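Here is a briefing on one protein chain. Keep the sequence and the 3D view open while you read.

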Amino acid sequence: MKLQVIKHLTSFIEEYDQDYVLETIETLEALTEVSSLKDEELDVIGELISNMYGALEVHKMIKEGTQKKEALNTFMKRVLGSIDQ
């Protein structure tokens, strides 16, 4: 996951709507079923999907009252903590 991508997507969600991101996730997930995709292409799609889910999670924290910067930091600490384990 990339913090800058999640930050940008969170701003996009705030400006427009999270439904765009949800529909994009559904589209990307459907693309993963294409049998001719290479592993590298699947990795890129997976990275995009995980960043979008991350942005949705950060957006949820912001809606619950957490400041944007704090929500981003909290989310990334959770991600890094799960990687370290």
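Burial is judged by relative accessible area, with a 1.4 Å probe and protein chains only: under 20% is buried, over 50% is exposed, and anything in between is partly exposed. K60 is partly exposed, with a relative accessible area of 45%. This is a predicted model, in which local features need pLDDT of at least 70 and side-chain atom pairs count only at pLDDT 80 or more, while totals for chains, interfaces and linings use all residues. Residues are numbered from 1 along each chain as its sequence is written, and side-chain values use heavy atoms, leaving out hydrogens and water.

**Overall layout**

- The protein has four helices and zero strands. Helices (H or I, at least four residues) and strands (E, at least two) are DSSP runs, numbered from the N terminus.
- From the N terminus on, the order of elements is α-α-α-α.
- The C-alpha trace spans about 45 × 35 × 15 Å along its principal axes.
- Of the 85 residues in the protein, 26% are buried.
- Contact means heavy atoms within 4.5 Å. Among contacts between residues at least 6 apart in sequence, 66% join residues at least 24 apart.

**Helix α1**

- Helix α1 covers residues 3–15. Its 13 residues should span 18 Å at 1.5 Å a residue, and its end C-alpha atoms are 18 Å apart, which agrees. The expected span is 1.5 Å times one less than the number of residues.
- Which residues of α1 are buried? They are I6, L9, T10 and I13. They cover an arc of only 105 degrees around the axis, which puts them on the same side of α1. The arc is that of the directions from the helix axis to the C-beta atoms.
- An α-helix has 3.6 residues a turn, so residues three or four places apart point the same way.
- The face of α1 turned away from the buried side carries the exposed residues Q4, H8 and E15.
- S11 also lies in α1. S11 is partly exposed, at 28% relative accessible area.
- S11 and A30 are 19 residues apart along the chain, and their C-alpha atoms are separated by 25 Å.

**Helix α2**

- Helix α2 covers residues 18–31. It has 14 residues and reaches 20 Å from its first C-alpha to its last, close to the 20 Å expected at 1.5 Å a residue.
- V21, I25 and L28 are buried in α2. Seen down the axis, the buried residues of α2 fall within an arc of 70 degrees, so they line one face of the helix.
- The cover over the buried residues of α2 includes α1 and α3.

**Helix α3**

- Helix α3 covers residues 39–63. It has 25 residues and reaches 36 Å from its first C-alpha to its last, close to the 36 Å expected at 1.5 Å a residue.
- The buried residues of α3 are I45, I49, N51, M52, G54, A55, L56, V58, H59 and M61.
- H59 counts as buried, at 12% relative accessibility. Leaving aside neighbours within four places in sequence, H59 is in contact with I13, E14 and Q18.
- K60 and L42 are 18 residues apart along the chain, with their C-alpha atoms separated by 27 Å.
- G65 follows α3 and has a positive phi, near 110 degrees.

**How the helices pack**

- Axes are lines fitted to C-alpha atoms, for helices over the stretch in contact, and angles run from 0 to 180 degrees between N-to-C directions. Angles under 35 degrees count as roughly parallel, over 145 as roughly antiparallel, 65 to 115 as roughly perpendicular, and the rest as oblique.
- How do α2 and α3 cross, and at what angle? Their axes come within 10 Å and cross at roughly 155 degrees. That makes α2 roughly antiparallel to α3.
- α2 passes α3 in a left-handed crossing. Left-handed means the near helix is turned anticlockwise from the far one by less than a right angle, and right-handed means clockwise.
- In the α2–α3 contact, residues including V21, I25 and L28 of α2 meet a set in α3 that includes I45, I49, M52 and H59.
- The axes of α1 and α3 come within 8 Å and cross at roughly 60 degrees. α1 and α3 are therefore oblique to each other, and their crossing is right-handed.
- V5, I6, L9, T10, I13 and E14 of α1 meet N51, M52, G54, A55, L56, V58, H59 and I62 of α3.
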